[in-house]
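Q: Hi! Could you walk me through this fold with me asking whatever comes to mind?

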Amino acid sequence: MEGPSPRLLANFVRSLGVLALPAADQIAWLGSLDGLGDPPSTDELALELDDGFRLAPQFVAAGWLPPTVLDPLRQLDEVLAAMSGQDNAELWVADALVRSPRWSEVRSKAKAILFLI
C-alpha cells in the first residue's frame, strides 16, 4: 500500500488553518460550504481535521511533517473529543465559535501546530 498523497497533506494543513482562523472567519468559511444548513454546523471543522489526524503518523514517516507535531495534534484531538456528545451540543453551533472559550482553546492549539509545521 502506498502512503498518503500530498493532496491529503494539503487538505490536512488547510483544516488546521481553518481551525486557527478567528471565529468570524470560521463562520464565513462554514457559510461558503454547500449543504451544511443555515446556520452551518461547526462539526465540519472537526471532521476535516479528523481525516488528516488519522494520517499524521504517515505524514511524519514520509518526512512531510516534523515528529514534534504528533503530541500537539493528539492534544488538539482530545480537546475536540471532549467537546463532542449530546451534552455539548451547544458547542457545535456557529455562535459558539465566538462565545465559547473551548473554541478559543482549539484556535490557540491549531495555531501552535501550524508554527511547528
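This is a predicted model: local features need pLDDT of at least 70, side-chain atom pairs count only at pLDDT 80 or more; totals for chains, interfaces and linings use all residues.

Q: What happens at the start of α7?
A: A side-chain oxygen of Ser100 comes to within 3.1 Å of the backbone nitrogen of Arg102.

Q: Which residues of α1 are buried, and what covers them?
A: The buried ones are Leu9, Phe12, Ser15, Leu16, Val18, Leu19 and Ala20. Their cover includes α2, α3, α4, α5 and α7.

Q: Let me pick Leu19. Buried or exposed?
A: Leu19 is buried, with a relative accessible area of 0%. Setting aside neighbours within four places in sequence, Leu19 is in contact with Gln26, Leu45, Leu49, Leu76, Leu80, Trp103, Val106, Arg107 and Ala110.

Q: How far is Leu19 from Ser104, in sequence and in space?
A: The two are 85 residues apart in sequence and 9.7 Å apart in space, C-alpha to C-alpha.

Q: Now the largest nonpolar core. Which residues touch the most other members?
A: Leu19, Leu76, Leu80 and Trp103 do, in a core of 33 residues. The elements giving two or more residues to this core are α1, α2, α3, α4, α5, α6 and α7.

Q: Which element gives the most?
A: That would be α1, with six residues. As background, nonpolar side chains tend to be buried together in soluble globular proteins.

Q: And Leu80, what is it in contact with?
A: Leaving out neighbours within four places in sequence, Leu80 is in contact with Leu19, Ala46, Leu49, Trp92, Trp103 and Val106.

Q: Ala46 and Leu49 bring me to α3. Which of its residues are buried?
A: In α3, residues 43-53, the buried ones are Leu45, Ala46, Glu48, Leu49, Gly52 and Phe53. They cover an arc of only 160° around the axis, which puts them on the same side of α3. What covers them includes α1, α2, α4, α5, α6 and α7.

Q: Changing topic: how many aromatic pairs are there?
A: The structure holds three. One of them is Phe12 with Phe59, a tilted pair at 5.8 Å centre to centre with 35° between the planes. Phe12 lies in helix α1 and Phe59 in helix α4, so the pair ties together parts that are 47 residues apart in sequence.

Q: How accessible are Phe12 and Phe59?
A: Phe12 is buried, with a relative accessible area of 1%, and Phe59 counts as buried at 0%.

Q: Which residues make up their aromatic cluster?
A: Phe12, Phe59 and Trp64 form one cluster.

Q: Now the loops. Where is Thr42, and what does its side chain reach?
A: Thr42 lies in the loop between α2 and α3. Its side chain reaches the backbone oxygen of Trp92 at 3.3 Å. Thr42 is also buried, with a relative accessible area of 0%.

Q: What else does Thr42 touch?
A: Not counting residues up to four places away in sequence, Thr42 touches Leu30, Leu91, Trp92, Val93, Ala94, Leu97 and Trp103.

Q: Last one: Asn88, buried or exposed?
A: Asn88 counts as buried because its relative accessibility is 15%, and buried means under 20%. Asn88 is found in the loop between α5 and α6. With neighbours within four places in sequence left aside, Asn88 is in contact with Ala82, Met83 and Arg102.

Terms used: Residues are numbered from 1 along each chain as its sequence is written. Side-chain values use heavy atoms; hydrogens and water are left out. Buried means under 20% relative accessible area, exposed over 50%, partly exposed in between (1.4 Å probe, protein chains only). Helices (H or I, at least four residues) and strands (E, at least two) are DSSP runs, numbered from the N terminus. The arc is that of the directions from the helix axis to the C-beta atoms. Contact means heavy atoms within 4.5 Å. Rings of Phe, Tyr and Trp (its six-membered ring) pair if their centres lie within 6.5 Å; planes under 30 degrees apart count as stacked, over 60 as edge-to-face and the rest as tilted. A nonpolar core is a set of buried Ala, Val, Leu, Ile, Met, Phe, Trp, Tyr and Cys residues joined through side-chain atoms within 4.5 Å. A polar contact is a pair of N or O atoms within 3.5 Å; within protein, one must be able to donate a hydrogen and the other to accept it, and residues adjacent in sequence count only if both atoms are side-chain atoms.
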